[in-house]
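This briefing goes through one structure topic by topic, beginning with a term that is needed further on. Please keep the sequence and the model in view while reading.

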Amino acid sequence: MPDVKSCKMCKKLFNYLGGQPICPACQKKLEDKFQEVKTFIEEHDGASMDEVAKECEVPKNQIKKWIQEERLMIKEGSTGIVLNCENCGAPILTGRYCENCKRQVADGLDSLIKKPTVTAPKKKVKEKERMRFLEK
């Protein structure tokens, strides 16, 4: 059953189904802003985070969140927006971690997962060795 919550942005009540606590109207506005930011970054190659935030009227933390969610990607060689891996500090284009740190985490998780063991096939029971039940 859906939960009723107050929208984080406009404070109106709405049926909350999951995800961000934002009503459908504000979610639409946020998605429109995302498209505006994406277009601006594509058209203004070297724009800084401050410039993008000011021109598109979007908070810098929202732009950073979209980059971390891998919805936006910084172009290779861009000097305007710089993002660093949260683990090692290496420069990255999108997400939260560099490829090397992602690989190390994946390898670590892979080693924790139990590998299935191969069991010997079941021995077939011959008809004369089967258990019999006596009927009354």
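A residue is called buried when its relative accessible area is under 20%, exposed when that area is over 50%, and partly exposed in between. The model described here is predicted.

- Strand 1, which covers residues 3-6, pairs with strand 2, which covers residues 13-16, in the antiparallel sense and over four bridges.
- The two strands form a hairpin with six residues between them, and within the turn K11 has a positive phi of about 70°.
- K5 has F14 in strand 2 as its bridge partner, while the charged end of K5 sits over the ring of Y16, at 4.2 Å from the ring centre.

**Aromatic pairs**

- Two aromatic pairs are found when the whole structure is searched.
- F14 and Y16 make up one of these pairs, in an edge-to-face arrangement with 6.3 Å from centre to centre and 80° between the planes; both F14 and Y16 are buried.
- F34 and W66 also form an edge-to-face pair, with their centres 5.2 Å apart and an angle of 75° between the planes.
- This pair links distant parts of the chain, since F34 belongs to helix 1 (residues 24-43) and W66 to helix 3 (residues 60-68), 32 residues apart.
- F34 and W66 are both buried, and R71 lies over the face of F34, at 3.9 Å from the ring centre.

**Nonpolar core**

- The largest nonpolar core has 28 residues, and those with the most contacts inside it are V37, V52, I63, W66, I67, L72 and I81.
- At least two residues of this core come from each of strand 2, helix 1, helix 2 (49-56) and helix 3, and helix 1 gives the most, with six residues.
- L72, leaving aside residues up to four places away in sequence, touches F34, V37, K38, I41, I63, W66, I67, L93 and T94, so that its contacts include both rings of the F34 and W66 aromatic pair.

**Cysteines**

- The structure holds zero disulfides, for which two cysteine sulfur atoms would have to lie within 2.5 Å of each other.
- For C10 the closest cysteine sulfur is that of C7, and because the separation is 3.7 Å the two are too far apart for a bond; C10 counts as partly exposed, at 30% relative accessibility.
- For C23 the closest cysteine sulfur is that of C26, at 3.6 Å, which is likewise too far for a bond; C23 is buried, with a relative accessible area of 6%.

**Positive phi in loops**

- E57 is a residue other than glycine, yet its phi is positive, near 55°.
- E57 is placed in the loop between helix 2 and helix 3, and it is exposed because its relative accessible area of 65% is over 50%.
- E70 is not a glycine either, although its phi is positive at about 65°.

Note on methods:
Residues are numbered from 1 along each chain as its sequence is written. This is a predicted model: local features need pLDDT of at least 70, side-chain atom pairs count only at pLDDT 80 or more; totals for chains, interfaces and linings use all residues. Side-chain values use heavy atoms; hydrogens and water are left out. Two strands pair if DSSP finds at least two bridges between them. Rings of Phe, Tyr and Trp (its six-membered ring) pair if their centres lie within 6.5 Å; planes under 30 degrees apart count as stacked, over 60 as edge-to-face and the rest as tilted. Buried means under 20% relative accessible area, exposed over 50%, partly exposed in between (1.4 Å probe, protein chains only). A charge sits over a ring if NZ of Lys or CZ of Arg is within 6 Å of the ring centre and within 35 degrees of the ring normal. A nonpolar core is a set of buried Ala, Val, Leu, Ile, Met, Phe, Trp, Tyr and Cys residues joined through side-chain atoms within 4.5 Å. Contact means heavy atoms within 4.5 Å.
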